[in-house]
Amino acid sequence: MFEFLICALAGIGAGVATGFAGLSAAVYIAPILVTFLGIPSYEAIGIALASDVLASGASSLTYYRHGNIDIKRCIPLLTSVISFTIIGSVIGFFVSSTEIGDTAMTYWTVIISLGLGLWFLIKPVDSKPGHVFSEKIRTIAAVLLGAYTGFLCGFQGTGGGMMMLFILTLVMGYALKTAVGTSVFIMTFTAFIGAISHFAINGMPDLRRLIICIVFTLVAAQISASLANKIKVSSCNLIIGVLLAVSGVIMLLINLYESGISFISTGALVGIGAGAVVVIVLLVLIEIKRLKNKEGKE
């Protein structure tokens with residue numbers, strides 16, 4: 001029962017993060033499975049990537065129906081990310097048994113998560129910002145950052161969506177909902193390749209854990225993506241900001257805990273996550289009420 005609950009909660013958290021913010025399911029699933037169930041990191045990453053495939057694919061279809069995916073401009077980024085996802089996955093296998101490889105998240109991912117979260121909370125992204133550099137330079141920068149993102153996604157199974165959200169909004173100048181939609185579109189491919197690579201190298205993970213994570217991630221992502229495309233952009237910024245900032249704090253605490261620097265309890269981690277969920281649920285309920293009132297007036 002405990003295992004089912006942990007897998008279900010990990011899937012729900014991952015689905016909400018995917019549907020609302022275009023984040024990789026591995027941001028939630030991998031560290032939770034490693035920390036609370038003691039699953040080897042490489043296996044946990046494989047489960048997370050597999051959960052990401054259907055969740056990202058279904059979410060990207062929802063964003064596409066609302067006109068919130070820009071496929072043409074993201075082709076160079078997509079190519080770069082996919083190529084290095086394969087490379088990172090292969091290299092990740094050979095170092096996954098080391099102390100470094102077993103770290104749930106890198107501190108760089110923590111910095112990106114906290115930084116982006118604060119950015120969306122303090123300086124919301126609602127339309128394409130102006131840029132000093134040309135489209136060509138921005139594309140080159142996106143390709144280089146995409147190579148790093150793909151490697152990280154394959155190597156750790158973490159940070160792919162987070163980094164792509166950074167690239168699409170702050171580097172390429174996408175509007176927020178278009179950035180999220182395009183991010184989940186790209187993740188459909190990277191997650192699929194990463195999952196296949198992990199399973200081919202390490203074998204299939206526990207099917208019960210895999211199915212539970214996939215189902216709950218898919219359902220939560222579909223509901224979240226549907227709501228994300230209907231609510232105000234300001235609310236999206238707030239929800240995504242909270243998701244990223246809290247994810248960064250939790251990842252930091254997990255890293256410190258595994259390094260022996262911090263002795264924070266499991267209950268404290270759960271409490272932080274639960275607090276974030278309450279805030280997000282309240283924001284969503286407010287938006288649902290606003291949408292119903294709007295439909296009633298019409």
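Reader: How many helices and strands are there in the protein?

Author: Happy to start there: this predicted model has eleven helices and zero strands. Along the sequence the pattern reads α-α-α-α-α-α-α-α-α-α-α.

Reader: Why is α1 called roughly parallel to α9?

Author: Helix α1 (residues 2-21) packs against helix α9 (residues 207-228) at an angle of about 30 degrees. Angles under 35 degrees count as roughly parallel, so α1 is roughly parallel to α9. Their axes lie 6 Å apart, and α1 passes α9 in a right-handed crossing.

Reader: Which residues make the contact?

Author: On the α1 side they include Phe4, Cys7, Gly11 and Gly15, and on the α9 side Ile212, Phe216, Ala220 and Ser224 are among them.

Reader: What makes up this contact of α1 with α9: how many nonpolar, polar and charged residues?

Author: The residues divide into 15 nonpolar, six polar and three charged.

Reader: Which residues of helix α2 are buried?

Author: In α2 (residues 26-37) they are Ala26, Val27, Tyr28, Ile29, Ala30, Pro31, Leu33 and Val34. Buried means under 20% relative accessible area, so each of these residues falls under that cut-off. Just after α2, Gly38 takes a positive phi of about 70 degrees.

Reader: And for the protein overall, what percentage of the residues count as buried?

Author: Of the 298 residues, 55% count as buried. The protein exposes about 12,900 Å², with carbon and sulfur atoms supplying 73% of that area.

Conventions. Residues are numbered from 1 along each chain as its sequence is written. This is a predicted model: local features need pLDDT of at least 70, side-chain atom pairs count only at pLDDT 80 or more; totals for chains, interfaces and linings use all residues. Side-chain values use heavy atoms; hydrogens and water are left out. Axes are lines fitted to C-alpha atoms, for helices over the stretch in contact, and angles run from 0 to 180 degrees between N-to-C directions. Helices (H or I, at least four residues) and strands (E, at least two) are DSSP runs, numbered from the N terminus. Angles under 35 degrees count as roughly parallel, over 145 as roughly antiparallel, 65 to 115 as roughly perpendicular and the rest as oblique. A crossing is left-handed if the near helix is turned anticlockwise from the far one by less than a right angle, and right-handed if clockwise. Contact means heavy atoms within 4.5 Å. Ala, Val, Leu, Ile, Met, Phe, Trp, Tyr, Cys and Pro count as nonpolar, Asp, Glu, Lys and Arg as charged, and the others, Gly among them, as polar. Buried means under 20% relative accessible area, exposed over 50%, partly exposed in between (1.4 Å probe, protein chains only). Accessible areas come from the Shrake-Rupley method with a 1.4 Å probe; for residues, only the protein chains shown count as cover.
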